[in-house]
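Thank you for letting me take a few minutes of the meeting.

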Protein chains: 2
Amino acid sequence: MPHFDRIEYKPIPVRDLLIEMKNISELMIDLAYSAALFNDKELAEDVLTLEEYVDNLSYLLDMEIMVAAQGDPSDAQDLIGVSTVASAADKISDAAADIADIVTRNIGIHPIVGEIFENVQERLMKATVKKDSVIVGKQLKELDLAARMGVDVIAIRRNRDWIINPEEDERIYSGDILITRGAPEGTKEFKDLAEGKLTTLEEE
Amino acid sequence: MPHFDRIEYKPIPVRDLLIEMKNISELMIDLAYSAALFNDKELAEDVLTLEEYVDNLSYLLDMEIMVAAQGDPSDAQDLIGVSTVASAADKISDAAADIADIVTRNIGIHPIVGEIFENVQERLMKATVKKDSVIVGKQLKELDLAARMGVDVIAIRRNRDWIINPEEDERIYSGDILITRGAPEGTKEFKDLAEGKLTTLEEE
């Protein structure tokens, strides 16, 4: 069990906490596999930081749920589902941290584990954006990658920092390192675009 | 903690056990969300059965790892990574079972939880195959859905049973209920194909 410093209570809607926990925890699985696949310790460290963040969200959510139940058993019953989904997200985030830990602790990658990591290579991709790439200067929403190629940018490395789960109005710069997840075909196409091997962005 | 009947020990390669644990546990998350989204109790029950299956695999894997370490600390160190990935898969499978449990226990779906489930609707789809659909009689590998549309068939309901994670040589029959996961665009296209609203299977 993690230990907490006393967290200051400020009300945050249960809905927002739960959606954030679910989104971040699922993202963490792919980030942890990316860290392992590309042997990136800093990304692995970021996954461990995210795990603490999810633990904090979980703590805040537990407080919110207790307050929301208002001492009423019927309200409490309604809230059981919320608490179950939150606990599921917490377990997923722990699992991601376990995998990231293999990378940060320098545990040798057993060939069997290597094979597991290679299996995720189909849906995870790392590419460095070349200066003549057509995607330089574009916002993620302009590229509309999810609809166009079934690809999501899950992290951007820029100036030694990882931007995790970038916003849709984030712009892509030359030299950015992108990690994406998605369908194999779209992934290959997007890698070629980022690396300047493909110069036309197909119209939808 | 689950309780086990004594499981008969028969050697299975660690590699096979680990790959199966990883694949099944990740699939279970999407199956659990599908069960919730489509309010399908039988699918939820299947997720709970899969959780027991993953528990058994985990138990067998623990035994294999102990045998493989051969009493040698250096071998044991090499195997830590394997055991970590297995434990991560086990946590993911527990998380999926938590979500499936909301469906089987008839816990009312709190609006906040409903919203969480709706968020996965983009990548999960359920369709009934109409008798005049062009995909009737085709094997999954002939359709080559992953490469073509970024879509995977994760479960087929046929004759009151769910076929979970169907093999590539599985054929599609009229009346099958399919659950798929994948990119939103491909998903929509595949639903139209299954329901006979789209009659041409584009060439790659």
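This is a predicted model: local features need pLDDT of at least 70, side-chain atom pairs count only at pLDDT 80 or more; totals for chains, interfaces and linings use all residues.

If we take the contacts in chain A between residues at least 6 apart in sequence, 79% of them join residues at least 24 apart. Chain A has 204 residues, of which 44% are buried, and its C-alpha trace spans about 60 × 40 × 30 Å along its principal axes.

Let me pick out one residue in chain A, namely A:S93, which sits in helix α3. Is A:S93 buried or exposed? It counts as buried, because A:S93 has 30 C-beta neighbours inside 10 Å, where 20 or more are enough for that label. One of the residues beside it comes from elsewhere in the sequence: A:S25 is 68 residues away along the chain, and yet the C-alpha atoms of A:S93 and A:S25 are separated by 4.6 Å. Leaving aside neighbours within four places in sequence, A:S93 is in contact with A:S25, A:M28, A:E51 and A:V54.

Now please turn to chain B and find helix α2, residues 41-69, which has 29 residues. From its first C-alpha to its last, α2 of chain B reaches 42 Å, close to the 42 Å expected at 1.5 Å a residue. Its buried residues include B:L43, B:V47, B:L50, B:V54, B:L57 and B:L61, but also B:D46, B:E51 and B:E64. As for what they pack against, the buried residues of α2(B) meet α1, α3, β2 and β3 of chain B.

B:P166 and B:A155 are eleven residues apart along the chain, with their C-alpha atoms separated by 6.5 Å. If we do not count residues up to four places away in sequence, B:P166 touches B:L140, B:V153 and B:I156.

A rotation of 180° with 0.0 Å of shift along its axis superposes chain B on chain A, with an RMSD of 0.0 Å, and that is the relation of a two-fold axis. The same surface serves both copies, in that 100% of the contact residues of chain B recur in chain A.

How many residues does each chain bring to the contact? There are 38 from chain B and 38 from chain A. On the side of chain B that touches chain A, the elements giving two or more residues are α1, α3, α4, α6 and α7 of chain B, and α3(B) gives the most, with 17 residues. By class, that side of chain B divides into 21 nonpolar, eight polar and nine charged residues.

The two copies of α3 also meet each other, for the axes of α3(A) and α3(B) come within 9 Å and cross at roughly 170°. An angle over 145 degrees counts as roughly antiparallel, and therefore α3(A) is roughly antiparallel to α3(B). In their contact there are twelve nonpolar, six polar and eight charged residues.

Conventions:
Residues are numbered from 1 along each chain as its sequence is written. Chains are lettered from A and ligands numbered from 1 in the order in which they are written. Copies are superposed by least squares on the C-alpha atoms of residues with pLDDT of at least 70 in both. Two residues are in contact if their C-beta atoms, placed from the backbone, lie within 7 Å. Helices (H or I, at least four residues) and strands (E, at least two) are DSSP runs, numbered from the N terminus. Ala, Val, Leu, Ile, Met, Phe, Trp, Tyr, Cys and Pro count as nonpolar, Asp, Glu, Lys and Arg as charged, and the others, Gly among them, as polar. The expected span of a helix is 1.5 Å times one less than its number of residues. A residue is buried if 20 or more other C-beta atoms lie within 10 Å of its own, exposed if 12 or fewer, and partly exposed in between; C-beta atoms are placed from the backbone. Axes are lines fitted to C-alpha atoms, for helices over the stretch in contact, and angles run from 0 to 180 degrees between N-to-C directions. Angles under 35 degrees count as roughly parallel, over 145 as roughly antiparallel, 65 to 115 as roughly perpendicular and the rest as oblique.
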